[in-house]
Amino acid sequence: MTTLDSRAEVLKLARLLGADHERLSFLAKVDARELRRLRERMTDVLFDANLPMLRRMASASKLLPGAVTAKIAERTYGPMLCARIAGVMDADRAVDVANRLSLGFLADVAVELDPRRCSEIIARMPRARVLEVAAELVRREDWITIGRFVGHLPDETVEAALDVLHDEALLHTAFVLDDKARVGQVVELLPETRFDGLAAAAASHDLWVPTFDLLAHVGNGDRELLAGALRRLDKASVARAREKAAEMGVLHYLDS
C-alpha cells in the first residue's frame, strides 16, 4: 500500500511539472514522504520566484476596487500569476476579489494555487462558491486539484461537497488526497448508503486500485462497510475484485 501512496505522489508531481506521469513512473519506488517533500520544495521554488514583485502587485491591488481588480486579473494577469499573487495577498481582500471572478477563471486559478499558502483564504471562501468550484473541477475530472484543497476546508464544507462528488469522483479524489490522514475523516462524513455506490463505481470503472487504497486509509467500521458492499457485488465483479486484491496483497480485506 505504501507503493500506492508513491504512485499518487507521482501523479501530483507530474501535474506540478506539466509532465506525463508515465515518464516519472520510475519514481514510484521512492518513499511517498520523500516524493511529497520533493514536490513541496519544487512548489516553493516556483512560488518564491519574483516574490518582491508579487508583493508589490498585491499591495498595488489595494488601491483599486475589488471589481476592477477582478477584471484586470481575468483580462491581463491570467490564472498562474493570480495564483502566485494570492499567496501574498491579505485574506479578506483575496476572498473579495475571488468572489468577483467568473467561475471558470476561478477554477483555473485553483489549479495553479498552492493551498498551503492560501489556507486562510480557502477557509474563508463562502461555502456556496466553494461548491460551485468543486462542481466545475468534477466536470473537468481534475481530481488532483480537488484533493489538494480538502485538507484546508472546514468539515462542514467538505461534507456539503460530498454531494457534488459522485462515487467515481470520490474514489479518484481520495487516492490523490494531499493529506491521506484526512481520508478516514472524510469517509466518516459519508452516509452508509454511499458505500454500495462506491463499490458499484469500482466495478463499473475498474477502479480497484483507488478502492483498495481507500480501504487501507479508513477506520475499521468504514472498512467493513465498504468491504461488505464489495462482497455484495455480482459474481463477476466480486471475482474481479478478489483477483485485483490478490495482486495487491490485500485479499484479507475481502475475506474478513
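Start by selecting α4 and α6, two helices that are roughly perpendicular to each other, because angles from 65 to 115 degrees count as such. This is a predicted model, and here α4 covers residues 66-77 while α6 covers residues 91-98. Their axes lie 8 Å apart and pack at an angle of about 70°.

Now show the side chains where the two helices meet. On α4, pick G66, T69 and A70; on α6, pick R93, D96 and V97. Colour them by class and you will find two nonpolar, two polar and two charged residues in this contact.

Next stop: the nonpolar cores. Which residues touch the most other members of the largest nonpolar core? Select L198, F212, L214 and L230, which hold that place among its 73 residues. Zoom in on L198: leaving aside residues up to four places away in sequence, L198 touches D167, L170, L171, L190, L214 and L226. Another core lies apart from the largest one; it has seven residues, including L13, L24, L27 and A28.

Finally, select helix α13, residues 181-188. Which of its residues are buried? They are R182, V183, G184, V186 and V187.

Definitions and conventions: Residues are numbered from 1 along each chain as its sequence is written. This is a predicted model: local features need pLDDT of at least 70, side-chain atom pairs count only at pLDDT 80 or more; totals for chains, interfaces and linings use all residues. Side-chain values use heavy atoms; hydrogens and water are left out. Axes are lines fitted to C-alpha atoms, for helices over the stretch in contact, and angles run from 0 to 180 degrees between N-to-C directions. Helices (H or I, at least four residues) and strands (E, at least two) are DSSP runs, numbered from the N terminus. Angles under 35 degrees count as roughly parallel, over 145 as roughly antiparallel, 65 to 115 as roughly perpendicular and the rest as oblique. Contact means heavy atoms within 4.5 Å. Ala, Val, Leu, Ile, Met, Phe, Trp, Tyr, Cys and Pro count as nonpolar, Asp, Glu, Lys and Arg as charged, and the others, Gly among them, as polar. A nonpolar core is a set of buried Ala, Val, Leu, Ile, Met, Phe, Trp, Tyr and Cys residues joined through side-chain atoms within 4.5 Å. Buried means under 20% relative accessible area, exposed over 50%, partly exposed in between (1.4 Å probe, protein chains only).
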